[in-house]
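This briefing concerns the structure shown below.

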Amino acid sequence: MRSTRISITLALILACALLAGCNIVAPAVAVLSGPPTRGALYDLDQGGRVVIFIDDLDSVLPRRSLRRVIGETAERELIRKKVLAPEQLIRSDAANAIAESDTASSYMSIVDVGLALEADTVVYVSLTSFSISRDMASISPQAIARVKIFDTGLNQRVWPGDPEGYLLNMTVPKTAGQQPSTRSEVSQIQMGLAQSLGIKLAQMFFKTEVSRFDNLAE
């Protein structure tokens, strides 16, 4: 039965290829090939230790604890997908603790933070936007960040080529309905957005499906 359905679908594709203006080709091809995917944007496993540094220089996060949520979610996803072994990852909140420590007499560079933690690679994530509503009328969460990767041994950025970093955009489709009315409801949505951003951050480093909502800010 399954082979019969495939044969019929292929016949439709071939027929449409001969008829100008047929609109069945695109969806039929999509059904056969599956959703689009892309490979890892960067090979994070270079054999050394890695730390994810979540930075919020402009204080766009409503709560500092959300930095930990983003980092820990990304770490769990990288381990789950076997991109990195647990022993290769240094806890992300350790990077913030080092950067904000009283012993730092002056501003520490990203590489300095990595060196202090004995990390070989720093995944630096600078948050630029975090909101649960883009139009103040619907629930439409969005978080935007810039991602850069630093090699502490080389003392330099190794990815991407753009000095501004890779634009990471976590956009959730709008949901019709009233805005959250309680602090608890707002907190739950913010927590969910932070977790989604952490997963999307991890997805940069392994093969994954591409959503039509990806990088809408680009």
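With which residue does glutamate 77 form a salt bridge? Its partner is arginine 80, and the closest N and O atoms are 2.8 Å apart. The model is predicted: local features require pLDDT of at least 70, side-chain atom pairs count only at pLDDT 80 or more, and totals for chains, interfaces and linings use all residues. Residues are numbered from 1 along each chain as its sequence is written, and side-chain values use heavy atoms, leaving out hydrogens and water.

**Salt bridges**
- A salt bridge places a side-chain nitrogen of Lys or Arg within 4 Å of a carboxyl oxygen of Asp or Glu; the count comes to five.
- Glutamate 77 and arginine 80 both lie in helix H3, three residues apart (helices are DSSP runs of H or I, at least four residues, and strands are E runs of at least two, numbered from the N terminus).
- Glutamate 77 is buried at 12% relative accessible area, whereas arginine 80 is exposed at 54% (buried is under 20%, exposed over 50%, partly exposed in between, with a 1.4 Å probe and protein chains only).
- Arg64, Arg67 and Glu100 are linked in a salt-bridge network.

**Confidence**
- The average pLDDT, the predictor's per-residue confidence from 0 to 100, is 82.
- Mean confidence is lowest in helix H1 (residues 2–18), at 35, and highest in E2, at 98.
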